[in-house]
Amino acid sequence: MFDTKKVSVEWGGQTLTLETGRVARQADGAVLATLGETVVLCAVTAAKSVKEGQDFFPLTVHYQEKFSSSGRIPGGFFKRERGATERETLVSRLIDRPLRPLFPEGFYNEVNCIAQVMSYDGENEPDLLAMIAASAAMTLSGVPFMGPIGAARVGYKDGEYQLNPSDKDVAAGDLDLMVAATQDAVMMVESEANELSEDIMLGAVMFAHKASQQVIDAIIKLAEQAAKEPWELKASADLSAHKAKLKDLIGDDMAAAYKLTDKQARQTAINDARAKAREAFEDLKHANPAEYLGTLKLVKKVEAEIVRGAILKTGKRIDGRDTKTVRPIEAEVHFLPRAHGSALFTRGETQTIATTTLGTRDAEQMIDGLNGLSYQHFMLHYNFPPYSVGEVGRFGAPSRRDVGHGKLAWRALHAVLPTKEEFPYTIRVTSDITESNGSSSMATVCGGSLSLMDAGVPIKRPVSGIAMGLILEGKDFAVLSDILGDEDHLGDMDFKVAGTSEGITSLQMDIKIAGITEEIMRVALAQAHEGRAHILGEMAKALDSTRTELSAHAPRIETLTVDKSKIRDIIGTGGKVIREIVATTGAKVDIDDEGVVKVSSSDHSQIEAAIAWIKGIVEEAEVGKIYSGKVVNLVDFGAFVNFMGGKDGLVHVSEMRNERVEKVSDVVSEGQEVKVKVLEIDPRGKVRLSMRVVDQETGAELEDTRPAREPRGDRGDRGDRGPRSDRGPRRDGDRDRGPRRDGGDRGGDRGPRRDGGDRGPRGEGSDRGPRREGGEDGPAPSFAPAFLTGDRD
């Protein structure tokens with residue numbers, strides 16, 4: 001039934017297996033990729049025709065993590081996988097970015113790529129495997145894909161690169177870098193680093209490129225066995241005459257437009273030129289719609305040739321800068337009065353309002369993933385409203401682009417954050433882009449860093465970011481610092497670098513051509529280093545170090561550690577005690593399984609009250625120490641006083657005053673605040689307290705003026721008291737106790753027993769027999785019952 005083809009290769013200490021022909025056979029291309037016990041299925045389908053009027057390449061990549069792959073059931077009400085999570089969105093983008101540039105220009109058939117995690121072993125990450133499976137499925141499908149690509153993850157620890165490290169290895173190391181590449185060049189880079197140098201980062205990229213070649217070879221071997229026949233593409237119409245006409249028609253207009261430094265004015269002039277082109281070819285629109293759309297696509301080519309040619313020939317860019325100059329920067333902190341930390345960062349025509357908000361542990365983001373529930377205490381959210389580019393558009397939930405830009409900035413800042421032990425706050429940074437003309441994600445890094453410092457978050461060092469561009473024509477190339485939006489659209493590379501004065505914290509690269517060489521990357525990294533240093537200097541003019549005090553509106557968090565055995569005392573039955581602490585003091589109280597208690601409030605007095613309460617609960621009472629307490633219960637012989645959170649002690653009536661107290665209620669009442677001294681703690685933990693030796697006004701200890709109780713003295717040896725029969729009459733007279741309370745005579749016959757048996761006459765003076773413990777104690781008294789005397793007849 002199945003025509004299964006399989007290729008395996010030893011890669012990074014694991015066996016990588018690519019299989020096709022057994023699953024998803026109706027897709028154009030389907031591959032089951034296995035690494036360790038992680039399995040990803042990727043299926044590719046492509047439309048056989050182009051939708052009418054379509055002039056772009058509609059590639060869609062979906063990545064999905066099936067909870068069943070790790071033996072889990074999804075949380076929530078619906079108990080099934082639903083919309084894409086943030087991680088799924090990020091991995092979808094990660095796969096899309098290196099695939100898209102490898103389709104030929106003019107190919108507009110819709111292509112759908114779906115990667116699903118079917119099995120996850122907890123060690124081999126499925127995102128890398130999904131990218132490999134997608135590349136293999138594309139190669140087998142027959143669509144015009146100029147691949148395959150390989151991929152590799154690289155870590156860096158103790159001066160050595162690690163291929164495909166586990167999550168634990170990444171956490172213990174200094175680098176998490178993902179690379180996608182063809183046989184000849186690098187296509188995509190995504191990374192987070194712990195302030196590493198440019199040389200180490202470049203070495204990691206080249207290490208990954210080399211490692212990815214094994215994957216490419218395996219995909220090619222599989223394709224030789226199972227690839228479908230490649231699609232036949234229609235020959236492109238010869239539009240050279242139309243291109244020449246466009247150059248004559250709008251060439252000068254475009255050249256003039258791209259000399260305007262103001263974005264809005266430049267955009268208006270460019271739109272006028274485009275409208276002029278559409279009007280000139282209006283007849284073609286009805287005669288040959290496909291050729292008309294192709295001609296309009298040439299307008300962008302004319303624009304690109306004008307801009308790219310000017311930069312390569314003159315070294316001058318759209319706004320008049322040279323290739324290395326960064327646009328003017330203006331930074332301002334404490335921009336918003338009520339935010340915990342805020343900054344307004346402006347670089348040319350790109351601007352963001354960045355804010356930092358501090359919260360407690362209960363504000364952490366809960367993530368339900370393949371590894372189970374986890375909690376994220378640092379969040380960064382990027383927002384890109386349409387007004388930032390002067391357009392009318394959708395406003396609401398974040399787009400895939402927004403999620404990706406936010407994660408890039410998150411990686412850049414995450415490396416410099418303090419640990420939770422050093423700074424026990426949940427941190428949320430938001431970046432609202434108010435103007436955009438190139439690299440709003442790097443503006444988010446700069447603004448976010450300033451807002452963190454303004455909020456008093458003790459980051460290691462400030463972080464800046466810069467976006468680099470590339471113009472590549474043959475062997476000639478120019479690397480551009482701080483690119484504009486138009487330079488991004490018309491260029492060949494978007495290369496973003498963020499870091500501190502000590503090194504790189506994040507690097508991202510996307511290529512629009514078939515890849516770039518090591519030399520170009522080296523130049524770009526060196527030029528980016530210069531730009532980052534300049535931006536850090538401009539940021540320092542606004543704020544050069546973290547504020548020592550938090551905002552007056554931010555919650556304060558104080559931490560104390562208690563013995564684990566005291567945790568349940570603080571929480572109380574059903575949470576009664578901790579709820580009472582929160583309700584009474586107004587402070588938030590969080591306690592973990594290790595006994596770490598975090599008390600938070602924007603009012604320091606509330607924190608002090610809650611901490612004092614908690615210390616009272618966990619503290620052991622000390623004999624001789626004076627405490628403040630509250631009367632919680634009155635009894636005839638004294639009053640119970642709560643003096644240490646959940647601890648109560650007894651003030652005996654004799655310890656309330658030096659003089660005699662007739663009624664407890666004459667001295668204290670329930671709810672009254674009193675000062676008490678601990679007199680004694682018995683082995684069972686019961687506490688004896690005193691009020692009379694403490695000044696109830698000041699809490700000072702008073703001298704005990706009450707005379708000490710006279711000792712009972714030595715009663716001497718009482719001697720052998722002898723058998724009970726020789727002791728003589730009792731102190732209250734004759735042993736004969738007299739008549740019973742019910743009027744009956746104690747002597748004589750007691751009558752029948754309750755069970756109807758006749759006990760017979762009581763034996764006067766009869767022998768009681770041996771005592772139960774074996775001793776002899778004389779004759780039984782006359783009132784002894786028959787079962788003791790043995791006289792049962």
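Is D158 buried or exposed? I began with this residue in the predicted model. D158 has a relative accessibility of 71% and therefore counts as exposed, since the cut-off for that class is over 50%. I then looked up where D158 lies, and found it in the loop between strand 7 and strand 8 (160-163). Its phi is near 55 degrees, a positive value in a residue other than glycine.

I next turned to H334. This residue also is not glycine and has a positive phi, near 50 degrees. I located H334 in the loop between strand 11 (329-333) and strand 12 (341-347). With a relative accessible area of 45%, H334 is partly exposed.

I then examined the peptide bond between G147 and P148. I noted that this bond is cis, with omega about 5 degrees. P148 belongs to the loop that runs between helix 2 (126-141) and strand 7 (150-157).

My last entry concerns helix 14. Which residues of helix 14 (residues 576-585) are buried? I found I578, I581 and T585. Viewed down the axis of helix 14, these buried residues fall within an arc of 55 degrees, so they line one face of the helix. On the face turned away from the buried side I recorded the exposed residues K576, R579, A583 and T584. I also looked up what covers the buried residues of helix 14; the cover includes helix 13 (567-571), strand 23 (588-591) and helix 15 (604-618).

Definitions and conventions. Residues numbered from 1 in each chain as written. Predicted model: local features only at pLDDT ≥ 70, side-chain atom pairs only at ≥ 80, totals over all residues. Heavy atoms only, no water. Helix = DSSP H or I, 4+ residues; strand = E, 2+ residues; numbered from the N terminus. Buried < 20%, exposed > 50% of the residue type's maximum accessible area, 1.4 Å probe, protein only. Arc of directions from axis to C-beta. Contact = heavy atoms within 4.5 Å.
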